[in-house]
Amino acid sequence: MRLESPSAPQSVEETGIGRENLQKLVAKTLNVFGTMTPSQLSRETKLPMIVVNEILTDLQKLQFAEARGLAGADVRSELRYAVGGKGHEFVLEALGQSQYV
């Protein structure tokens, strides 16, 4: 009998993890590793790109993360993101709760 692996979540809700917890995880990861692209964040956090992009949108709206330009000279390059604005305080609070990244 062959077992099939579950499909990757296609939204924050499908992860079964609270949105704020995912926001904290992504913000802490950006804080530790510095400027990162969504694909780098996806590899590091093991979250699907679609979920990472949704969380990055949240973090930008909350002014916790900011885009820092393209990762390469090609216009099709990914944007790079970093903790910014109110994000430093958010990360410190998140690290106070758990240093897991």
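User: What makes a contact between two side chains a salt bridge?

Analyst: A salt bridge is a side-chain nitrogen of Lys or Arg within 4 Å of a carboxyl oxygen of Asp or Glu. The structure above is a predicted model, and a search of the whole of it finds five salt bridges.

User: Why is the pair Arg19 and Asp58 called a salt bridge?

Analyst: The side chains of Arg19 and Asp58 meet with N to O at 2.6 Å. The limit is 4 Å, so the pair qualifies as a salt bridge. Arg19 belongs to helix H2 and Asp58 to helix H4, and the pair links distant parts of the chain, 39 residues apart. Arg19 and Asp58 also belong to a network of salt bridges with Glu13 and Glu54.

User: Why is Asp58 called buried?

Analyst: Asp58 has a relative accessibility of 15%. Buried means under 20%, therefore Asp58 counts as buried.

User: What makes the aromatic pair of Phe64 and Phe90 stacked?

Analyst: A search of the whole structure finds one aromatic pair. Phe64 and Phe90 form this pair, with 4.3 Å centre to centre and 15° between the planes. Centres within 6.5 Å make a pair and planes under 30 degrees apart count as stacked, so the pair is called stacked. Phe64 lies in the loop between H4 and strand S1, and Phe90 in helix H5, so the pair ties together parts that are 26 residues apart in sequence. Both Phe64 and Phe90 are buried.

User: Why is Gly84 called buried, and where does it lie?

Analyst: Gly84 has a relative accessible area of 4%. The cut-off for buried is under 20%, so Gly84 is buried. Gly84 lies in the loop between S2 and H5. Leaving aside neighbours within four places in sequence, Gly84 is in contact with Gln63, Phe64, Ala65 and Glu66.

Definitions and conventions: Residues numbered from 1 in each chain as written. Predicted model: local features only at pLDDT ≥ 70, side-chain atom pairs only at ≥ 80, totals over all residues. Heavy atoms only, no water. Helix = DSSP H or I, 4+ residues; strand = E, 2+ residues; numbered from the N terminus. Buried < 20%, exposed > 50% of the residue type's maximum accessible area, 1.4 Å probe, protein only. Contact = heavy atoms within 4.5 Å. Phe/Tyr/Trp six-rings, centres within 6.5 Å; stacked < 30°, edge-to-face > 60°.
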